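The exercises below are meant to be worked through slowly, with the sequence and the structure open side by side. Please try each task before reading its solution.

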Amino acid sequence: RSMLMVLFLKVTSVLFPSATTVLSAGATAASGIRQWDLRFLRQRHPQPIATFHVPPAAKRRGFTSLSVDRTGTRLFAVSTNGIVYEFSLAGQQSREPLRELHGAEIAQCYFMDTAASPESDHLLGGSSNGQPLVWDIGARRDESTILHPICRLPHGDTEVTSVAWAD
């Protein structure tokens, strides 16, 4: 019972990337994104197995959604500042963002979703300006820590908050 209170207090996004782990993010980024091992949640005082951190300027902003790439090794967290942060879920790599995905607008809406393609290295994201975005997340990381969309999909004037890939 205490774990549910800890896990869901001001939580805005929850993702189950595997059968034994859950990721949670909150309305403010100050506490980071937490990774929990489901096998140990019944302990009296469960602790996250990892905490992913965001840059100090983004800490007062929250997260609207979490998604994982097709290999399960990269986490994408959408911040209310309009930046999608990419983190590594593989091994003991840094818990700081690998890079930032720019181009989304979250002006009128609080929520914006992302979805990783199940077949390629592309991330689809909503936007409040009516233009969903596609990023090439397979692009080399050593070129820049900022990634811009490879295309915008004209949709109209209404916000696009939910996105998905068809199987």
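Is Arg-99 buried or exposed, and at what relative accessibility? At 2% relative accessibility, Arg-99 counts as buried, where buried means under 20% relative accessible area, exposed over 50%, and partly exposed in between, with a 1.4 Å probe and protein chains only.

This is a predicted model, in which local features need pLDDT of at least 70 and side-chain atom pairs count only at pLDDT 80 or more, while totals for chains, interfaces and linings use all residues. Residues are numbered from 1 along each chain as its sequence is written, and side-chain values use heavy atoms, with hydrogens and water left out.

**Exercise 1. Follow the salt bridge of Arg-99 to its partner and beyond.**

A salt bridge is a side-chain nitrogen of Lys or Arg within 4 Å of a carboxyl oxygen of Asp or Glu, and by this rule the count comes to six. First, locate the side chains of Glu-86 and Arg-99, which meet in such a bridge at 2.5 Å, N to O. The pair links distant parts of the chain, since Glu-86 belongs to strand 7 and Arg-99 to strand 8 (residues 99–101), 13 residues apart.

**Exercise 2. Compare the surroundings of the two partners Arg-39 and Asp-37.**

Begin with the distance, which is 2.7 Å, N to O, for the salt bridge between these side chains. Then take each residue in turn: Arg-39 is exposed, with a relative accessible area of 58%, whereas Asp-37 is buried, at 7%.

**Exercise 3. Describe the largest nonpolar core.**

A nonpolar core is a set of buried Ala, Val, Leu, Ile, Met, Phe, Trp, Tyr and Cys residues joined through side-chain atoms within 4.5 Å. The largest one has 16 residues, and those with the most contacts inside it include Leu-23, Ile-33 and Phe-52. Turning to the strands, its largest share, three residues, comes from strand 5.

**Exercise 4. Work out how the sheet containing strand 9 is arranged.**

Two strands pair if DSSP finds at least two bridges between them. Four strands form an open sheet in the order 9-10-11-13, with antiparallel pairing. Strand 9 (114–116) and strand 13 (151–152) stand at the edges with a single partner strand each, so one side of each is left without a neighbour in the sheet. Further in, four bridges join strand 10 (residues 122–125) to strand 11 (residues 133–136), and Leu-124 stands opposite Val-134 in strand 11.

Terms used. Helices (H or I, at least four residues) and strands (E, at least two) are DSSP runs, numbered from the N terminus.
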